[in-house]
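I had this one open on the screen today and kept a few notes as I went. Here they are, in the order I looked things up.

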Amino acid sequence: MDELQKTPESVQADPQLVATVTSAVLQTLQTTGHLPAPENQQKPSQPEVKSIDLIGLFFAIIEKFWLVAICAILGALVMGWLAGRSGTTYTATAKLFIVDTSSGSINISNLQLGTVLTMDYQEVFKTWEVHEMVIEELELPYSYGQMQSMLTVSNPEDTRILYITVHSPDAKMAADIANAYAKAAKTFIINTMRGEEPSDFSIALEPSTGYQVSKSSRMMMGFMLGSVLAVGLITFLFVLDNRPRSPETIETYGGIPTLAVFPAQGKKNTDRKYASSDVMPATEMPMLEISQFPANDFVSHEAMNTLCTNLSYCGTGVRKVMITSRYAGEGKSYVSMNLMRTLASLGRRVVLVDTDLRASGIQSDYHLRYSTERHHGLSEYLSGHCNLNEVLYQTNLPGAYMIPAGHEAPNPLQLLDTEDMKNLVEWLSTQFDMVLIDTPPVGVLVDAVAMAKFCDGALLVVGYRRGNLNEIGDAVRHIKQTGCKMLGAVLNGVKFRSLSNKHYYYSSERYSEHYAKRYRHRKKSS
């Protein structure tokens, strides 16, 4: 007894043992369901149910009204053509009376038995033997399926009469086939079913008139059918469309906010302010002229201002920003170059580093002109062929500097994922207000992931209705694994004038036509 009384004291004397036992008991109870899980414990994620944007679907159908009209007209023409090819159809009907007269008189029990037999005898006309009798008697060139399609057997309610109706384009043939079926049915019932032979209630006569399908009604039916099929096809494609369309979809699948929305680019006109005829100022630093800069309209200009404003809210510590995309063609370089120009116009000292050493599009798209004979760039600097003073260029945009990609490198990853690249980025952050790093697509190459660990934050450029929404989450996850902060996304290439997009972006003032007209008028007057 003394030992048992000392046991609790010994347990209390060891708090670690108490905590271990308590934790094990709680975990067991939670696993078996006897104890609810704590609130801060993350619940298993439930499969997301995709909702259908009915308003977007409505506008998508209206936008594709031309497709609905074409399908409706084609349906009407096809049905009208088929109605024109179909000739006159004649109908002949033979009738059999089913009553058991074996007792010599007709009573109530005979009538009841006749009703039951009428239901059974309808199945007789579905047997191949009856079809074979009719085909052999009339020497018809039809199969069993064709014969069955021409035949209709019915029994009016509360009667013991079988209606044997045959439809045929030949009036005489319709009557002969109906009578032949009545004869074959009686023979089959006597020989096979050992039943009472039905009597002829009425033989089929050759019809004098037939009926023809109304061409107008068939065309109307085709018109409606074509419209329904077109709307169904549009709805099916809309539901299956898993491409980014709005900031809400990017936030849902990527978990990041959309910092700006850029419109689709129209004609590639050049801003006169940065034409190739401008004279580059004389300076000791090598110069780089951006001779072909796309001119931004009002919407693009305001979108870029919005992006700069949202970046300023990301914190003062965010100075090294990586700009990437899921794959090529989403407008990554367009956002990088315009962001550099806008930040420079706001009085910031900004430098753009082109790290796309495999296939840089900035050199060709913006027609870069060097003041030096040797067009050194980042690849030459990292490989040790030149020093930093030879690759850091001052552009013809006041306050904007660039380090171009240089010549194509055979091993870009081995150059970028190095201490030299890290030291370069760190040094640039001490000399400039903002360091922009244009990287290759994160969904195709690992170069962007390697550069992410040198940056304070990353911008993901998402092309409007390009790629899969799930790829946004994959790109965000790959960047976050390096410890780099995801600042947000930029939705690029949106067609604001598209009818299906009006309910997404209609409420935003910066996209209104009124302000666009004022911007164009002010630009012309200046």
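**The sheet, from one end**

I started with β6 and β9, which pair in the antiparallel sense over three bridges. For my own record, two strands pair if DSSP finds at least two bridges between them, and helices (H or I, at least four residues) and strands (E, at least two) are DSSP runs numbered from the N terminus. In β9, Leu288 has Tyr370 as its bridge partner. Then I checked the other neighbour: β6 runs parallel to strand β10 (residues 393-395), with two bridges joining them. There, Leu288 stands opposite Thr395.

Housekeeping before I go on: this is a predicted model, where local features need pLDDT of at least 70 and side-chain atom pairs count only at pLDDT 80 or more, while totals for chains, interfaces and linings use all residues. Residues are numbered from 1 along each chain as its sequence is written, and side-chain values use heavy atoms, with hydrogens and water left out.

Is strand β6 (residues 287-290) covered on one face or both? I found both covered: Met287 and Glu289 are buried on one side, Leu288 and Ile290 on the other. Buried here means under 20% relative accessible area, exposed over 50%, and partly exposed in between (1.4 Å probe, protein chains only).

**The whole sheet**

I traced an open sheet of 10 strands with mixed pairing, in the order β5-β14-β13-β7-β12-β8-β11-β10-β6-β9. Its edge strands are β5 (258-263) and β9 (368-370), each pairing on one side only. Further in, I looked at β8 (residues 350-354) and β11 (residues 400-403), which pair in the parallel sense over four bridges. Val350 stands opposite Ala400 in β11.

**Cores**

Next I went through the nonpolar cores, meaning sets of buried Ala, Val, Leu, Ile, Met, Phe, Trp, Tyr and Cys residues joined through side-chain atoms within 4.5 Å. The largest has 49 residues, and Leu378, Ile403, Met421 and Leu460 touch the most other members. A second, separate core of 38 residues includes Leu259, Met304, Leu459 and Val461. Leaving out residues up to four places away in sequence, I listed what Leu378 touches, including Val353, Asp354, Ile403, Met421 and Leu424; contact means heavy atoms within 4.5 Å.

**One threonine, then the chain**

Thr249 sits in helix α10 (residues 247-254). I count Thr249 as buried because its relative accessibility is 18%. Beyond its neighbours within four places in sequence, Thr249 is in contact with Pro244 and Leu469.

Last, the totals: I noted 20 helices and 14 strands in the protein chain, and 39% of its 526 residues count as buried.
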